[in-house]
Amino acid sequence: MRIVIALCERVLHRHGGQGGPEQASLIRQAAAQLAQVAHAHDLVIVHAGTNRIAAPAPHGHNGHSGCNGHTKHEVHGDAFPVEADLNLAYRLELELRNLLPSDRPCATLLSMVEVDSHDPAFAHPDKPVGSVLLGERALAVARANHWRIAQDGIGYRRVVPNPRPLRLLQAEPLHRLVEQGTVVVCAVGGVPVAADGGGLRGVEALIDCYSGAALVAEAIEADLFVIVTEMAGVFLDWGTANSKLLRHGHPSALRELASTVGSMAPTLQAASSFVERTGRRAAIGALNDVARLVDGSAGTTISCERADPRRFEGGAVAY
């Protein structure tokens, strides 16, 4: 079976932590779970960063020079974050190589996703990225870097466009790698680019990580699209005494439920859209359950199949 697994950012970054022994431990744990799937299936892993942009900073906006001489913004943890994500993907690939047979090829791919430069999202940036900035400092940084900012709690954060992903540029080489049995780690989940005078250019935008991962799953004709989160699956009536794990659902019913599941809504929407467009299966759940997400015995399964509710005693079913 051909599987795409998207790792929610918080699976590898606890409480916003970057690097250090804790992250190394999380990467090893993730690799151990993913290797179980890779032993029996073709596998593509998408590291889904949730609050990063990937376009390089333009020159000359009150920045500082990096080691290669290029100017970077003062962006407080948000500057050209592809570098950090590539490092994480490299470490994940390394752990997988240590767990898989020596003749099983592995590769890391920096995926690029084409967006429409006329997408209405560019006129209405609303996705927060980077650190919270306070008071006059926020206004000064925004002016210096030509940013739009919006209030977030007691401070402000930069906001960027969230255009709809249209096309995975590396679809053909990724498809060939998978056909050859390569375990592929897609870093970032999609660097946004747009057509420009017959060529392509990077754009400062945020690709919804789960939509980007679903695009990867469609591009390689995956049989199963899995989203790994901190939760055991999608819960209905979360935070109430009536909360119940959604075990199985039809995508048309889940589209209506998406607005009721809070922060899990983008996850549910991406998984449901993949099922609607392909007729194949998707699953959402926790890293420790990843093998059971594959066989459908844990988490939330989304498919066009009308499953018998008696198979999911104690959980909810939506049609």
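Colleague: Is Ala217 buried or exposed?

Modeller: Ala217 counts as buried, because its relative accessibility is 0%. Buried means under 20% relative accessible area, exposed means over 50%, and partly exposed is in between, using a 1.4 Å probe and protein chains only. Before we go on: this is a predicted model, so local features need pLDDT of at least 70 and side-chain atom pairs count only at pLDDT 80 or more, while totals for chains, interfaces and linings use all residues. Residues are numbered from 1 along each chain as its sequence is written, and side-chain values use heavy atoms, with hydrogens and water left out.

Colleague: Which element is Ala217 in, and what does it touch?

Modeller: Ala217 is in helix H6. Helices (H or I, at least four residues) and strands (E, at least two) are DSSP runs, numbered from the N terminus. Leaving out residues up to four places away in sequence, Ala217 touches Val4, Ala222, Phe225 and Phe274; contact means heavy atoms within 4.5 Å.

Colleague: Switching to H4, which of its residues are buried?

Modeller: In helix H4 (residues 135–145), they're Ala138, Val141, Ala142 and Asn145. They span an arc of only 100° around the axis, so they sit on the same side of H4. That arc is taken from the directions from the helix axis to the C-beta atoms.

Colleague: And what's on the face turned away from that side?

Modeller: Glu136 and Arg143, both exposed. The buried residues of H4, on the other hand, have covers that include strand E6 (127–133), strand E7 (148–152) and strand E8 (155–160).

Colleague: Where does Glu221 lie, and what is its phi?

Modeller: Glu221 lies in the loop between H6 and strand E12 (224–229). Its phi is near 55°, again positive in a residue other than glycine. Glu221 is partly exposed, at 46% relative accessible area.

Colleague: Which residues lie nearest its centre?

Modeller: Asp208, Tyr210, Ser263, Pro266 and Thr267, out of 27 lining residues. Elements giving two or more residues to that lining are E6, helix H6 (209–219) and helix H8 (265–278). H8 gives the largest share, 4 residues.

Colleague: What about the second largest pocket, how much space is there?

Modeller: About 280 Å³. It has 15 lining residues, with Arg164, Pro165, Ser211, Ser273 and Arg277 nearest its centre. H6 and H8 each supply at least two residues of that lining.

Colleague: Last one: which residues touch the most other members in the largest nonpolar core?

Modeller: Ile5, Leu96, Leu174 and Phe225, in a core of 78 residues. Such a core is a set of buried Ala, Val, Leu, Ile, Met, Phe, Trp, Tyr and Cys residues joined through side-chain atoms within 4.5 Å. Apart from it lies another core of 5 residues, including Leu133, Ala138, Val141 and Ala142.

Notes:
On a 1 Å grid over the protein atoms alone, a cavity is a set of points where a 1.4 Å probe fits but cannot get out, and a pocket is an open set with protein on both sides within 12 Å along at least five of seven lines; lining residues have an atom within 4 Å of a point. Grid points are joined across faces, edges and corners, and a volume is the space filled by probe spheres set on the points.
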